[in-house]
Amino acid sequence: MRLAFILSEIGSGLRRNVSMVVSVILVTFVSLTFVGAAGMLQMQINQMKGYWYDKVQVAVFLCSDGSTAASCAGGPVTPEQQDSLNTLLESPAVGQYINDFAFESREEAYDHFKNQFSNSPIVDSVTPDQLPASFRINMKDPEKYQIISETFSSQAGVETVIDQRQLLERLFSVMNGASLVAVSIAGVMIVCAILLIATTIRLSAFSRRRETGIMRLVGASKTVIQLPFILEGVIAAVIGAALASATLWAVARFFLGDFMAQQYPDTAFISAGQTLILAPALLLLGACLAGISSLLTLRRYLRV
Amino acid sequence: MIRFENVTKVYDQTARPALDAVNLEIDRGEFAFLVGASGSGKSTFLRLVLKEDRASSGAVYVAGQNVAKISSWRVPRLRRGIGVVFQDFRLLPQKNVFANVAFAMQVIGRSRSVIRDTVPEVLKTVGLEGKEHRMPHELSGGEQQRVAIARAVVNRPGILLADEPTGNLDPTTSMGIMGILDKINQNGTTVVMATHDDDIVNEMRKRVVELKNGVVIRDEAKALYTSMIPVVGQSRRLKDASGRETPDEAPGESGAQR
């Protein structure tokens with residue numbers, strides 16, 4: 001009985017305040033979408049880290065015909081130089097830092113290139129002799145890159161030593177920056193949402209002061225008087241959070257899953273299913289926001 | 001049932017207290033009028049009984065409990081034992097008669113079947129049978145006040161507080177309302193009624209407690225409204241107005257008649 005009564009009170013409260021309720025829904029929707037976007041970016045970074053960190057290598061590029069670096073003044077790498085590099089890699093001094101290494105000839109490099117850029121017209125304008133041969137080294141500890149770099153840069157026939165991880169780190173720092181921006185926008189929007197929920201609850205309490213006055217007099221408990229107001233805010237916020245979750249899912253499904261995956265076939269994007277992990281967190285966050293802000297408001301405007 | 005021990009209520013430190021060291025006891029089943037000019041402390045008295053306000057000093061006992069010792073989450077329980085009626089009825093305009101009375105039961109969690117049984121019974125007590133589905137604006141003032149009384153007593157409180165319940169009603173209708181309050185009192189409910197209405201007080205011959213500037217200046221059983229000479233032939237409104245205009249009259253006047 002009491003539950004049915006509280007539900008009917010909530011219904012009438014929502015109906016009386018439709019425009020405010022809609023604005024609460026929209027503000028929580030937008031703010032939680034930004035929160036979720038930040039979450040998605042972090043998930044994407046983790047995904048890419050997991051995917052790439054196993055694969056990233058330190059590449060020791062060898063001098064080729066077109067090399068302009070000072071270390072390549074002696075022309076393209078000779079087989080002797082290549083042998084000595086091979087020996088150096090196998091030596092215990094260097095070997096203790098690396099898992100394994102492989103030689104990538106110009107033809108292999110060309111094949112990889114063709115695979116990687118199969119969608120792009122650039123493939124047609126590249127020939128094997130434009131690409132340098134290289135040693136690909138898998139590090140035991142990627143942090144020890146500096147040692148390899150120092151050892152090999154000075155060797156004859158080496159054009160340059162590149163740590164692919166550093167390229168990734170740069171990408172990740174851009175993505176981290178983007179998620180930070182999303183979180184800041186979300187922060188501002190959440191403040192908006194809290195204030196708006198507080199105002200809505202206040203209006204709602206004011207428009208029903210007759211009812212609440214009578215409820216007080218006949219001895220309704222604090223719960224029965226306040227719960228409808230709190231739940232009104234919570235319901236609006238939860239609807240907003242549900243919309244935000246649906247939006248994130250749609251972004252992952254259609255933008256990342258269909259469009260981006262086609263554009264960048266060798267990048268691992270998060271799946272639509274993974275974004276659903278965010279949904280309960282967003283719903284909980286929305287409910288807490290509304291609950292706390294309406295509790296604080298009611299303490300001031302609806303004394304029992 | 002209600003006991004005030006040396007109760008003082010100060011709203012504003014600089015002004016005189018609204019109630020000044022009031023000692024008063026109203027027994028179970030009693031019917032008491034609280035009379036006095038506006039600002040004499042009648043409403044403050046009722047607010048203290050309901051624990052809407054806290055006494056500045058002294059103790060208020062309601063049904064044996066010191067209300068100052070009731071924690072805030074148990075205040076609703078206190079109020080369930082007290083029905084309240086106001087001058088302005090305070091009905092919910094969107095609800096019909098039945099729903100207005102049922103509201104008081106719904107909010108304290110009574111079951112639907114109990115409500116269905118109790119509400120018509122109470123409406124019959126106040127003489128509103130057959131009008132369950134009327135809206136408040138379709139009722140006369142007296143009928144609206146009957147609805148309000150039904151709502152106040154539907155949960156069977158031990159105490160009924162009435163704050164000028166006949167203030168907006170004509171004399172005949174007022175007597176009807178008094179008949180209902182008397183009936184409720186006969187059924188064992190303690191009734192405390194604050195009023196300006198001398199005709200009613202004189203007619204009922206119940207206990208009269210007169211307040212002036214926050215002090216009890218008269219407490220008599222089976223008493224008349226006041227020492228004031230009834231103004232025969234003048235309209236009630238004029239009498240009310242004269243009552244309000246004379247708060248500065250010497251307390252000796254009432255004292256002399258005592």
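Trainee: Are B:Phe4 and B:Phe45 buried or exposed?

Mentor: Both B:Phe4 and B:Phe45 are buried. Buried means under 20% relative accessible area, exposed over 50%, and partly exposed in between (1.4 Å probe, protein chains only). This is a predicted model, where local features need pLDDT of at least 70 and side-chain atom pairs pLDDT 80 or more, while totals for chains, interfaces and linings use all residues. Residues are numbered from 1 along each chain as its sequence is written, chains are lettered from A and ligands numbered from 1 in the order in which they are written, and side-chain values use heavy atoms, without hydrogens and water.

Trainee: How many aromatic pairs are there over all chains?

Mentor: A pair of aromatic rings is described by the distance of the centres and the angle of the planes. Rings of Phe, Tyr and Trp (its six-membered ring) pair if their centres lie within 6.5 Å; planes under 30 degrees apart are stacked, over 60 edge-to-face, the rest tilted. The search finds seven such pairs over all chains. A:Trp249 and A:Phe254 are edge-to-face, because their centres are 6.1 Å apart and their planes stand at 90°. A:Trp249 is partly exposed at 32% relative accessibility, and A:Phe254 is partly exposed at 46%. B:Phe4 and B:Phe45 have centres 4.2 Å apart and planes at 15°, so that pair is stacked. B:Phe4 belongs to strand S1 (residues 2–9) of chain B and B:Phe45 to helix H1 (residues 42–49) of chain B, 41 residues apart; helices (H or I, at least four residues) and strands (E, at least two) are DSSP runs, numbered from the N terminus.

Trainee: Which residues form one aromatic cluster?

Mentor: A:Phe101, A:Phe103 and A:Phe135 do.

Trainee: Which residues are linked in a network of salt bridges?

Mentor: The network holds A:Glu9, A:Arg208 and A:Glu232.

Key
A salt bridge is a side-chain nitrogen of Lys or Arg within 4 Å of a carboxyl oxygen of Asp or Glu.
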